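I opened this notebook to record what I looked up about pockets and aromatic rings. I begin with the pocket and then turn to the rings.

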Amino acid sequence: FDEGEDAARFFTSLLETPCRLVRFDQEGALESSLRPTDADYAPDSQTGFSDGFPFLIASQESLRAVNDGIAASASEGQAELPMNRFRPNLVVSDCGGAFGEDEWASLAVRGGDSGEGGCVFDLVKPCSRCTVTTVNQSTGAVDGKEPLRVLGEIHSGKAAGYGNAKWERVPFFGWNAVTSTAMVGRVISVGASVCVTKKKEEKGKQ
């Protein structure tokens, strides 16, 4: 559904490029509007525009580990990578060391209009990474083999200790997450506090 001319003008001005705002049918009248998430990890959730899950959570500490790995390898001409290579919609910091996300089962984002107890996200599946992460998000051009080469060394399924034979050689960065319908309408904002409310009993699993 197209959200109209006012929205189009606003975002065209903001982004300095012609664009329109569209949305899926919230009432679910169209079968293609919403897709169920992977039932093995989030059987009661759904997503729309996003790939497999509605949220992707990553930490600045994990990004720093990737860039440190790139710098240590002296990849010729490879600049430090920004977080947008991984396209998360929630970025956290000061919540532990690199890849600390592997230990989190749930976290709450608190402050503003996030409601009593904050907005709670359940981290359900580590995010495997593909060649899209090698694409410069500003130019659309492929920019070398990073971060996949470094992730294959420092955070493959085997290096992360996920215990899944199919994942051993797969690079991972960030965690796919879901939230319950009770969180609908709650608002989170940049600079909000984040609290890990539950840790995983087994690494790599919810």
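Before naming any element, I noted that helices (H or I, at least four residues) and strands (E, at least two) are DSSP runs, numbered from the N terminus. The model is predicted, so local features need pLDDT of at least 70 and side-chain atom pairs count only at pLDDT 80 or more, while totals for chains, interfaces and linings use all residues. Residues are numbered from 1 along each chain as its sequence is written, and side-chain values use heavy atoms, with hydrogens and water left out.

**Entry 1: a pocket**

I looked up the second largest pocket, which holds about 360 Å³ of space. On a 1 Å grid over the protein atoms alone, a pocket is an open set of points where a 1.4 Å probe fits, with protein on both sides within 12 Å along at least five of seven lines, and lining residues have an atom within 4 Å of a point. The volume is the space filled by probe spheres set on the points, which are joined across faces, edges and corners. Of its 18 lining residues, D51, L56, R87, C127 and N176 are the closest to the centre. Two or more lining residues come from each of β3 (55-59) and β6 (119-128), and β6 gives the largest share, three residues.

**Entry 2: aromatic pairs**

How many aromatic pairs does the structure hold? I found nine, where rings of Phe, Tyr and Trp (its six-membered ring) pair if their centres lie within 6.5 Å, and planes under 30 degrees apart count as stacked, over 60 as edge-to-face and the rest as tilted. The ring centres of F10 and F11 are 5.0 Å apart with planes at 85°, so this pair is edge-to-face.

Y41 and W167 form a stacked pair, 6.5 Å centre to centre and with 25° between the planes. Because Y41 lies in the loop between β1 (35-36) and β2 (46-47) and W167 in the loop between α4 (157-160) and β7 (172-178), the pair ties together parts that are 126 residues apart in sequence. I also checked burial (buried under 20% relative accessible area, exposed over 50%, partly exposed in between, with a 1.4 Å probe and protein chains only). Y41 is partly exposed at 21%, whereas W167 is buried at 13%.

**Entry 3: a cluster and two charges**

Ring pairs link Y41 and W167 with Y162, F172 and W175 into a cluster. The charged end of K125 sits over the ring of Y41, 5.4 Å from its centre, and that of K200 sits over the ring of W175, 3.9 Å from its centre; the rule asks for NZ of Lys or CZ of Arg within 6 Å of the ring centre and within 35 degrees of the ring normal.
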